[in-house]
Amino acid sequence: MVKKGLLERLQEGVVVGDGGFLLALEKRGYIKGGPWTPEVVVEHPDAVKQLHREFMRSGSDVLQALTFYSTDDKLNLEGNEAGKNYKCSQITDGACRIAHEVAEEGDVLVAGSVTQCPSYTEGKGKQVVQANIKTQVGSFVKNKLDFVIAEFFMYVEEIEWVIEELLKSGLPVAATMSIGKEGDLAGVSPGECAVRMARAGASVVGVNCLFDPVMTFDTIRLMKEALDAQGLRPFLMTQPNGFFTEGADKTGYLGVPEYPFAMEPRTVTRFDVHKYARAAYDMGVRYIGGCCGFEAYHIRAISEELAKERGRLPPASSKHEPWGGTLKMSAFPYIRARACEEYWKNLIPSRGRSIPPTYAIQPEEVRKTS
């Protein structure tokens, strides 16, 4: 049976993306926070496979091969040891192979991911940036991926260069920028960024990472307004991060004090994701997923919210009922009372702390001298 491609699926309905890998695998002890490079695909492939399976079980229609930050210039940036042991082609081939192995277990597509190059901000120019991307794209074609996603770009000029290079592969191109309502880091508005990505040839344009679902929704709305005004009709895509970014500047969650190792209090709930998925779909977004901080249960929330539109629930819903339905089986009556949509829709979660916690336990040395 021949799989339907990305553009065909988008024409017929909604496509659910997957979630975040880097932060999830750092928490599990497989990725080094700081460089965030994905040599894990070579060192611990089973860890990557497991995460792919969790996203697919939760309803993902796409598995993104873990090729983020795998260009040779990134692997060798600022003393990163990864570049001494691995080449971009080695990591990319491994990531593609892993994603394909898991994709064979379901009716899902496999996408390659390219992202910003240090070469751009170092001022090395278009040819050098495209040369770094070309190495990855060659692996995508060789490994027969279904389409390519350009993501986590903060300058529209750079993503235009990258789209140009990606189109040479003959694969469908989705292009997303990591920007908020203020636009890219050069001051280009979200609307102009969207128009330029579409005119560069991307079939899908949108926003990913850096900002939470609410701010991402506001940004894609501005993009849609500008695209509509220019008569451009690419498919729209959103993959926000899984953390509330209130108080963040143009750098999004990267600039909040808690990034990257104390982000848990900012985590969005599955119910926040239900609201995001519905709002995005109703506005016309047809590729809906998540990025850093989006776990499998967040993707399941998207799939469940859009189950009617998709005509199915994900396999992970066999162990879950939306809006706390399984709590009816709790042994505690006060928890059984929470088994309703009204309770969870109206809940404003507490962060569980007003000041940093302190502990009264004294070190052994202090106890001995007191």
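The second largest cavity holds about 40 Å³ of space, and a search of the whole structure turns up two cavities of 30 Å³ or more. This is a predicted model, where local features need pLDDT of at least 70, side-chain atom pairs count only at pLDDT 80 or more, and totals for chains, interfaces and linings use all residues. Residues are numbered from 1 along each chain as its sequence is written, and side-chain values use heavy atoms, with hydrogens and water left out.

**Cavities**

- A cavity here is a set of points, on a 1 Å grid over the protein atoms alone, where a 1.4 Å probe fits but cannot get out; lining residues have an atom within 4 Å of a point.
- For volumes, grid points are joined across faces, edges and corners, and the value is the space filled by probe spheres set on the points.
- Around the second largest cavity sit Gly20, Leu23, Ala24, Lys27, Phe243, Gly293, Phe294 and Glu295.
- That lining has four nonpolar, two polar and two charged residues, where Ala, Val, Leu, Ile, Met, Phe, Trp, Tyr, Cys and Pro count as nonpolar, Asp, Glu, Lys and Arg as charged, and the others, Gly among them, as polar.
- The largest cavity comes in at about 170 Å³.
- It is lined by 16 residues, and Gly19, Phe21, Gln64, Phe68 and Glu151 are the closest to its centre.
- Its lining splits into seven nonpolar, seven polar and two charged residues.

**Pockets**

- A pocket, unlike a cavity, is an open set, with protein on both sides within 12 Å along at least five of seven lines.
- The largest pocket contains about 450 Å³ of space.
- Its lining counts 22 residues, with Arg9, Asp61, Asp107, Arg310 and Arg312 nearest the centre.
- Helices α1 (6–12) and α15 (307–310) each put at least two residues into that lining.
- By class, the lining of the largest pocket is nine nonpolar, four polar and nine charged.
- The second largest pocket has about 270 Å³ and 13 lining residues, of which Phe244, Pro265, Thr267, Pro349 and Arg351 lie nearest its centre.
- Five nonpolar, three polar and five charged residues make up the lining of the second largest pocket.

**Helix packing**

- Helices (H or I, at least four residues) and strands (E, at least two) are DSSP runs, numbered from the N terminus.
- In α11 (residues 190–200), the buried set is Pro190, Gly191, Cys193, Ala194, Val195, Met197 and Ala198; buried means under 20% relative accessible area, exposed over 50%, and partly exposed in between, using a 1.4 Å probe and protein chains only.
- Those buried α11 residues pack against α10 (156–167), β5 (173–177), β6 (204–208) and α12 (213–229).
- The axes of α12 and α13 (residues 270–283) come within 10 Å and cross at roughly 5°; axes are lines fitted to C-alpha atoms, for helices over the stretch in contact, and angles run from 0 to 180 degrees between N-to-C directions.
- Pro213, Phe217, Ile220, Arg221 and Lys224 of α12 meet Tyr276, Ala279, Ala280 and Met283 of α13, with contact meaning heavy atoms within 4.5 Å.
- That contact has seven nonpolar, no polar and two charged residues.

**His100 and Asn143**

- His100 is in helix α7 (residues 88–103) and counts as partly exposed at 22% relative accessibility.
- Leaving aside neighbours within four places in sequence, His100 is in contact with Val110, Asn143, Lys144 and Leu145.
- Asn143 sits in the loop between α9 (126–142) and β4 (147–153) and is buried at 18% relative accessible area.
- Not counting residues up to four places away in sequence, Asn143 touches Asp93, Cys96 and His100.

**Backbone points to check**

- The peptide bond from Tyr259 to Pro260 is cis, with omega near -5°, and Pro260 is in the loop between β7 (235–239) and α13.
- Trp36 has a positive phi near 60° despite not being glycine; it lies in the loop between α2 (22–27) and α3 (40–43) and is buried at 7%.
- Cys209 is another non-glycine residue with positive phi, near 55°; it is in the loop between β6 and α12 and is buried at 1%.
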